[in-house]
Amino acid sequence: MKECLLNFNFEELQNLIVELGEKKYRAGQIYKSLHLGLDFSEMTDISKVFREKLSLDYDAQSVKILKYLQSVDGTIKFLFALRDGNVIESVLMKYNHGYSLCVSTQVGCRMKCAFCASGLHGLVRNLEPGEILGEVICANKFLLGGLGEKRKVINIVLMGSGEPLDNYYNTIKFIKLVSSKEGIYVSQRNISLSTSGIVPKMYDLANEDLSINLTVSLHSPFDEERQKIMPVAKTYKIDKILDACSNYFDKTGRRYIFEYVLIRGENDTERHAEGLIRILKGRPCHINLIRLNEVKENDLKSGTDKDAYRFMGVLEKAGLSATVRRKMGEDIDGACGQLRQRYLEENDKNE
Ligand code: SAH
């Protein structure tokens with residue numbers, strides 16, 4: 001595979017352009033074109049000779065839309081092909097103010113959480129920074145062309161397949177690329193990173209001088225039960241995760257968020273709500289309650305909407321800030337890793 005120019009930050013691109021014998025200011029045009037999703041052949045403001053020179057050793061773009069599904073609620077799920085034939089998915093959600101994109105950071109995942117389809121086949125490989133960026137570029141291009149929308153992606157959640165902090169360097173570089181003023185320029189305040197709780201990397205993240213939001217997948221207030229839902233919980237205990245969250249708040253001044261997937265009978269009882277109150281009361285945090293999207297590969301069940309709101313009510317009564325996340329894209333395999341899983345199954349059948 002050739003190196004993709006989307007992996008280069010602005011300064012690196014400037015250096016490369018000069019090394020290859022072009023004027024430095026050309027870097028601005030090329031960087032912009034790359035982030036708009038153009039191929040070399042479409043960069044007509046650059047000489048043909050120089051474009052050909054670039055394309056000898058580099059690719060301009062990193063991902064292509066293989067397929068997309070549109071939900072009745074407007075949510076769009078993309079299946080993207082990478083240049084090496086691997087596939088990943090992203091989910092585009094429309095909110096009142098604009099679009100939010102949920103991006104994948106790895107092909108597959110090694111976390112193997114019980115409810116999630118992303119880790120079914122383990123980790124295949126890390127995504128490059130320019131591949132994560134490619135998901136955003138493709139979605140923007142699709143909105144402008146496919147839907148004729150003027151609004152673009154203004155909010156990004158690193159909450160698709162993969163564990164972002166298990167692909168630390170590339171994830172950080174992606175965040176810097178997508179928020180760079182010469183490129184797409186998404187505000188870091190509108191970027192959220194979700195982790196299963198890789199404690200040492202949470203400390204590193206707090207030192208990066210980024211103004212992104214930190215989200216932690218909690219799913220149980222009890223270590224022993226959490227380990228059954230998330231194998232990674234055997235390595236990182238809840239009290240250590242909470243210390244890392246406090247450190248994040250001290251360093252950045254930013255409130256943190258907990259994700260809590262409600263699984264019927266497993267983590268949605270009164271005892272669990274009380275456990276959450278005990279460990280989270282008084283902390284500068286918010287709790288996102290997510291109704292489980294059932295996947296056919298396991299027999300975990302979702303409770304009713306009423307159960308979810310009852311659970312939320314218990315938390316709120318104790319003074320915690322909690323919301324039940326709006327359900328989106330349930331009719332299009334909306335949950336993490338489901339669409340890629342269907343695609344892999346179908347391809348197996350065809351082989
Ligand atoms: N590895 C990171 C990011 C990916 S998973 C992490 O663990 O946070 C991010 C979130 O996807 C999970 O917290 C959960 O909220 C959601 N998710 C995954 N599978 C789901 C399913 N089947 N139903 C509902 N939510 C799911």
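Which backbone oxygen lies 3.0 Å from a polar atom of the side chain of Gln-61? I looked, and the backbone oxygen of Leu-34 is the one.

**Ground rules.** I am working with a predicted model, where local features need pLDDT of at least 70, side-chain atom pairs count only at pLDDT 80 or more, and totals for chains, interfaces and linings use all residues. I number residues from 1 along each chain as its sequence is written, and side-chain values use heavy atoms, with hydrogens and water left out.

**Gln-61.** I placed this residue in the loop between β2 (58–59) and β3. For me, strands are DSSP runs of E with at least two residues, helices are runs of H or I with at least four, and both are numbered from the N terminus. Gln-61 counts as buried because its relative accessible area is 16%; buried means under 20%, exposed over 50% and partly exposed in between, with a 1.4 Å probe and protein chains only. Its side chain also has a polar atom 2.9 Å from the backbone oxygen of Leu-38. I count a polar contact as a pair of N or O atoms within 3.5 Å; within protein, one must be able to donate a hydrogen and the other to accept it, and residues adjacent in sequence count only if both atoms are side-chain atoms.

**Second largest pocket.** Gln-61 turned up again here: with Asp-39, Ser-62, Val-63 and Lys-64, it is among the closest to the centre of the 13 lining residues. I noted a space of about 250 Å³ for this pocket. A pocket is an open set of points on a 1 Å grid over the protein atoms alone, with protein on both sides within 12 Å along at least five of seven lines; a cavity is a set where a 1.4 Å probe fits but cannot get out, and lining residues have an atom within 4 Å of a point. Volumes are the space filled by probe spheres set on the points, which are joined across faces, edges and corners. β3 (63–70), β4 (76–82) and α4 (129–145) each give at least two residues to the lining, and α4 gives the most, with 3.

**Ile-132.** While in α4, I checked Ile-132, which lies in that helix. Ile-132 is buried, at 0% relative accessible area. Its C-alpha atom is 9.8 Å from that of Lys-173, 41 residues apart along the chain.

**Ligand.** I found 20 residues around the ligand, and Gly-162, Glu-163, Ser-194, Ser-217 and Asn-293 come nearest; to be near, a residue needs a heavy atom within 4 Å. Ser-194 has a polar side-chain atom 2.6 Å from a ligand oxygen. For Ser-217, a side-chain N or O atom is 2.6 Å from an oxygen of the ligand, while for Glu-259 that distance is 3.3 Å. The protein covers 93% of the 540 Å² of accessible area that the ligand has on its own, by the Shrake-Rupley method with a 1.4 Å probe. I also saw that β10 (191–195), β12 (256–262) and β13 (285–291) each supply at least two residues of the shell.

**Ser-220.** This one sits in the loop between β11 (213–217) and α7 (223–229). Ser-220 is buried, with 0% relative accessibility. A polar atom of its side chain lies 3.1 Å from the backbone nitrogen of Phe-222.

**Cavity.** Last stop: I found 1 cavity of 30 Å³ or more. The largest cavity has a volume of about 40 Å³, and its lining includes Leu-262, Asp-268 and Arg-291.
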